[in-house]
Amino acid sequence: MKIIKRVFTMSLFMALAITANAQFNWGIKAGLNVSSFRGDSSPYELDNKTGFHAGINMQYMFTPQIGLESGLYYLSLGAKATRNSDSFKQTATFNPSYLQVPISFLYKFNLGRDMCIYPSLGWYFGYGIAGKVSYDNSDGESHKENVFDYLNRFDMGLTTGLNFQYSKFLFGLGYDCGMANAGGDKLEFSPYNTNFKASIGYSF
């Protein structure tokens, strides 16, 4: 029992010491998205769609090397889905917008001269706020509908990144892999969001 108390006391002391020495940083980040859906898309053929992201970036460093990264971002995602038959072709362009909160662990490798590189790995949680799906048919007919009549608003998945930081400037590449079925009741297939992103940022 005494050993357990000592371990608990030492663990609590270490946690308080780490938290006391933690450093909080925040900044802004924006960039390009190349998004699509993954999964069984039959009878549609999927293609990428470009978009963008922008928001607030936050880092909470427990030590000079180890920390957490989070933030709040606006993202335009989606994909193009084309259905072909002998006499008819239809292209549906999904244009959903999400608010996203990522939570990632990171480890910084110091390169000297106020430079570092750090990989990150974690989860993201998103919620759809707006968007349309555009239908364009080979017979010239086209129309738009609310994209969240076809997609679920909630999204979550894995997020990973590789970032280079120089002084207060940040350059990064990342990938989000959706783990929640994004398809709604009216969709003929079960898509999962994917997104490659390139970002630039600035820390205050």
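**Figure 1. The second largest cavity of the predicted model, with about 40 Å³ of space**. This cavity is lined by Leu 77, Gln 100, Tyr 124, Asp 155, Asp 176, Asn 193, Thr 194 and Asn 195. Strand β12 provides three of these residues, which is the largest share of the lining of the second largest cavity. Sorted by class, the lining of the second largest cavity consists of two nonpolar, four polar and two charged residues.

**Figure 2. The largest cavity, which holds about 270 Å³ of space**. The structure contains two cavities of 30 Å³ or more, and the largest cavity is lined by 19 residues, among which Lys 29, Glu 69, Tyr 73, Thr 159 and Lys 197 lie nearest its centre. Two or more lining residues are given by each of the elements β3 (49-61), β4 (66-76), β6 (89-107), β10 (154-166), β11 (169-178) and β12 (192-203). The largest share of the lining of the largest cavity comes from β10, with four residues. By class, twelve residues of the lining of the largest cavity are polar, four are nonpolar and three are charged.

Figure 3. Lys 29 is buried and yet has no salt bridge, the nearest side chain of opposite charge being that of Glu 69, at 4.3 Å. When its neighbours within four places in sequence are left aside, Lys 29 is in contact with His 53, Ala 54, Gly 55, Asn 57, Glu 69, Tyr 73, Leu 170, Ser 199, Ile 200 and Gly 201.

**Figure 4. The largest pocket, with about 480 Å³ of space**. The largest pocket is lined by 19 residues, and those nearest its centre are Pro 64, Lys 108, Asp 114, Cys 116 and Gln 165. Strands β1 (23-38), β3 and β8 (115-137) each contribute at least two residues to the lining of the largest pocket. By class, the lining of the largest pocket comprises six nonpolar, ten polar and three charged residues. Strand β3 is also one of the elements that give two or more residues to the lining of the largest cavity.

Note on methods:
Residues numbered from 1 in each chain as written. Predicted model: local features only at pLDDT ≥ 70, side-chain atom pairs only at ≥ 80, totals over all residues. Heavy atoms only, no water. 1 Å grid on protein atoms, 1.4 Å probe; cavity = no way out; pocket = protein on both sides within 12 Å on 5 of 7 lines; lining within 4 Å. Points joined across faces, edges and corners; volume = space filled by probe spheres on them. Nonpolar A, V, L, I, M, F, W, Y, C, P; charged D, E, K, R; others polar. Buried < 20%, exposed > 50% of the residue type's maximum accessible area, 1.4 Å probe, protein only. Lys, Arg positive; Asp, Glu negative; His and termini not counted. Salt bridge = Lys/Arg side-chain N within 4 Å of Asp/Glu carboxyl O. Contact = heavy atoms within 4.5 Å.
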